[in-house]
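Visitor: I have the sequence and the model open, and I would like to know how the descriptions come about. Could you take me through them?
Guide: Gladly. Let's look at it together.

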Amino acid sequence: MTADNSQKILIVPLDPVHDVGAKLIARTLRERGHSVTLLQPDLSVEEVISRARQLLPDFIMVSRTISYDTPELLAKFADMCDAAGLRSHAKLVVGGMSIRKEMAQELGYDAGFGPQTTLEEVADYVDGKAHTSHEASHGGTKPDLTRGYKYDFVDAEIGELCVGIARRLIDWASQRTSPGIERAHLRMKLEEARLSGDVALANELRGRYSALTGGDVRKWYESGQPIPHTRPLAPYEAAALENMDNGVPVSLVSQKPLEPVNVIVQYGTGCPVMDAYHIRLSLGWGAKGAVHFDPSWGARTEGLAEGTLSHQHDGTVLTLENLRLLKRAIHPAALWQVRAHRGLNTPETVVLAHLAGADLTKINIVYGSLGAGTDPARLAVDGVECLRLAASFGLPYDVVTNEELCGVPARKAFAGMLVVATAGVLLGGRPILQPLFADSPEAMVSGFTQDNLVDFNAAKMIALKSIMNAPIWPGAPVGFMTQTQDRCQSSTMTALHAALALGLGAEAVTIASSDEAYAGGPISAQARVDTLKSVAASLKFFGSTRIAPTARAEKMAADLKKGIKETLERVYERGDFVAALYEGLLGDREDGAYPGRAGRDTVTARQ
Amino acid sequence: MTAREKILDACDIETFFVCEDAEEGKRLGLALMKELGFADADVVFSEMAGPGARVRVRGYVNRPGSTYTWRNEGGRHP
């Protein structure tokens, strides 16, 4: 701001007591080099006009917080400014909690600033600049959640156990294959053939692929019979997504506390078009990325369909074409995760994630085997292939521990997570540990969360950090089983869990919408905004302070680590990771874990 | 195009009904949505305390995969 551009500004709170906003604006404008006169509150309109006539300012800025008589008072003030001849050289501006832009215009003011206006916005107006921060691009570079992590073991004993078990797992899997692995490789070749225009080869590969599918997907390939509850996207729907330019800046609502952190949301309405809107609005309200949710039936069926498909129920169908369309909604600076952690199509899902340009995937043999219905041997052989593929594509992945939701104790879930993460590292990958931040059955039964919801979650972070130098991304989503259908309660729980995780050094958090506990219909757009706003507010509240766990958290962390080690020792002694899964060493029936049956007896010797 | 047709997916209304219990709150919530012309409505929550129930009701205007009422209007993104 040069002296030549300095403006003479009179700021007046037209209010009996409230003048904080006026003071803040006065300070901001002074910092920009303007000459500011700030009057005290509770002056009469006549007194203000008198001061203005003496001062002859370039801007007369009045504020009003209380709402009664506001239009009448402001109208009178504007009329008196006119009558005093002040409007010929002064712009008349009004702002405050009771002000709406439309009201200011109707009353004849040059500008009006209501609630949620930033100080910069007002100062930019005085400076004659178009305000940019409110409509800024979703700039910056894409976050790398794994940067700076060496993946060495802080706890050598646990490290030795993990490496020993993981090596055996990799050796076991390398001698075996499955229809899921075969399809993944066929899919890669098929897409290469399509890309090179080799129609004959593509047709042959597609035929071989369809022979390895099952159920409704097989019927779709063989006879074109629609998969139940799905339909092809209409041309106008596909066009809406194809015409979307993901280079277009996302309009940002000012959510400054979210700027330095990675808050990730989940989508999967069933319809890629609706998903695109939900992704865009989430990025607009400060999310740094989005996770693709596919239908649960997709995990139980051999093979993935093709084409752009809409699904009538939760979960958006995994096809390369759907993913490629959705990619257009993901801003280049945002993270995009396509999950491959359960079911019969995990290796192919990693392939699709890579081909569609995803940034992250999700892999865990243990959760998918014990909590998501897939046969342990099948998911072990497929999961190791996922780890290989992800490493070859340079695709980081989280290793989720949602089996805790079934009732599996954290010590067992974390032991499984650490083995899978170690196998991933041995294969050249970049895993991210994903502890569940939740009021899990174990926590409730054991009384870990009786006094507070901080200690047990903090203990998980403390324990993991003392074991392995790896990024941690709690989820998914944080606050699982703590949210109710009440949007205020739900948003608060999400916000506090997110603040706790980020305060404890998490690289990212996945959050739910305030509809997390509502099962009556699809998640609404406004429910997504609820939690992004509440997380931003909680981060603003805590700032650089941190939620302080009690001394009990350290004790819980020590117990957890001891339990992890004991679990790993049992698995190591068993000498067979897959047998350990079947036999319940990483979660048994009493815990609520059941070895899945989908894909049983489909693992064969690798040729 | 009406304001309702411009709703992306659902319209939530939260209010407080003077009523006897949470179930009556739910019934009143659904009745309100019917009065307002929302054919596809549901109660997100209903919680009774004091003189009545705090109720949040939702009217779905565009469920995922339906023919979106705003489809020819578009928003800024996409």
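Visitor: What is the bridge partner of Val93(A) in S5(A)?
Guide: Ala111(A) is the partner of Val93(A) in strand S5(A). One word of caution as we start: this is a predicted model.

Visitor: What makes S2 and S5 of chain A edge strands?
Guide: They belong to an open, parallel sheet of five strands in chain A, ordered S2-S1-S3-S4-S5. Strand S2 (35–38) and strand S5 (111–113) each have a single partner strand, so one side of each has no neighbour in the sheet. Ignoring direction, neighbouring strands here are turned by 20° against each other on average.

Visitor: Which helix lies across S1, S2 and S3 of chain A?
Guide: Helix H2 (residues 45–55) of chain A does, running at about 170° to S1(A).

Visitor: Why is Val20(A) called exposed?
Guide: Val20(A) has 11 C-beta neighbours inside 10 Å, so Val20(A) counts as exposed. You will find Val20(A) in helix H1 (residues 20–31) of chain A. From Val20(A) to Val366(A), the C-alpha atoms are 55 Å apart in space, and the two residues are 346 apart in sequence.

Visitor: What is the strand order in the sheet of seven strands in chain A?
Guide: The order is S14-S13-S12-S11-S9-S8-S17, in an open sheet with parallel pairing. Strand S14 (431–434) and strand S17 (509–511) stand at its edges, because each has a single partner strand. From one strand to the next, the twist averages 30°.

Visitor: How do you know that S8(A) pairs with S9(A)?
Guide: Again, at least two bridges are needed. Strand S8 (residues 263–267) of chain A and strand S9 (residues 289–292) of chain A are joined by four bridges and run parallel, so they count as a pair. Opposite Tyr267(A) you will see His292(A) in S9(A).

Visitor: What makes S17(A) a partner of S8(A) too?
Guide: Three bridges, in the parallel sense, link S8(A) and S17(A). Within that pairing, Val263(A) has Val509(A) as its bridge partner in S17(A).

Visitor: Why is S8(A) described as mostly covered?
Guide: A residue is buried if 20 or more other C-beta atoms lie within 10 Å of its own. Five of the five residues in S8(A) are buried. One side holds Val263(A), Val265(A) and Tyr267(A), and the other holds Ile264(A) and Gln266(A), with both faces covered.

Visitor: Which helices pack on this sheet?
Guide: Among them is helix H11 (residues 272–284) of chain A, which lies across S8 and S9 at about 165° to S8(A). Helix H17 (residues 410–426) of chain A touches strand S13 (397–400) and S14, and its direction makes about 170° with that of S14(A).

Visitor: How do you know that the length of H21(A) fits a helix?
Guide: Helix H21 (residues 525–542) of chain A has 18 residues, which at 1.5 Å a residue should span 26 Å; the end C-alpha atoms are 27 Å apart, so the two values agree. Its buried residues include Ala527(A), Leu532(A) and Val535(A). Their cover includes S8, H11, helix H20 (487–503) and S17 of chain A. After H21(A) comes Gly543(A), with a positive phi near 50°.

Visitor: What can you say about the crossing of H13(A) and H14(A)?
Guide: The crossing is right-handed. The axes of helix H13 (residues 320–327) and helix H14 (residues 346–356) of chain A come within 9 Å and cross at roughly 40°. Residues in contact include Leu323(A) of H13(A) and Leu352(A) of H14(A). By class, this contact has five nonpolar, no polar and two charged residues.

Visitor: How many residues take part where chain B meets chain A?
Guide: Chain B gives 18 residues and chain A gives 29. On the chain B side, strand S2 (41–49) is one of the elements giving two or more residues, and S2(B) has the largest share, four residues. That side has seven nonpolar, two polar and nine charged residues.

Definitions and conventions: Residues numbered from 1 in each chain as written. Chains lettered and ligands numbered in written order. Predicted model: local features only at pLDDT ≥ 70, side-chain atom pairs only at ≥ 80, totals over all residues. Axes fitted to C-alpha atoms, helices over the stretch in contact; angles between N-to-C directions. Contact = placed C-beta atoms within 7 Å. Left-handed = near helix turned anticlockwise from the far one by under 90°. Nonpolar A, V, L, I, M, F, W, Y, C, P; charged D, E, K, R; others polar. Expected span 1.5 Å × (residues − 1). Buried ≥ 20, exposed ≤ 12 C-beta atoms within 10 Å, placed from the backbone.
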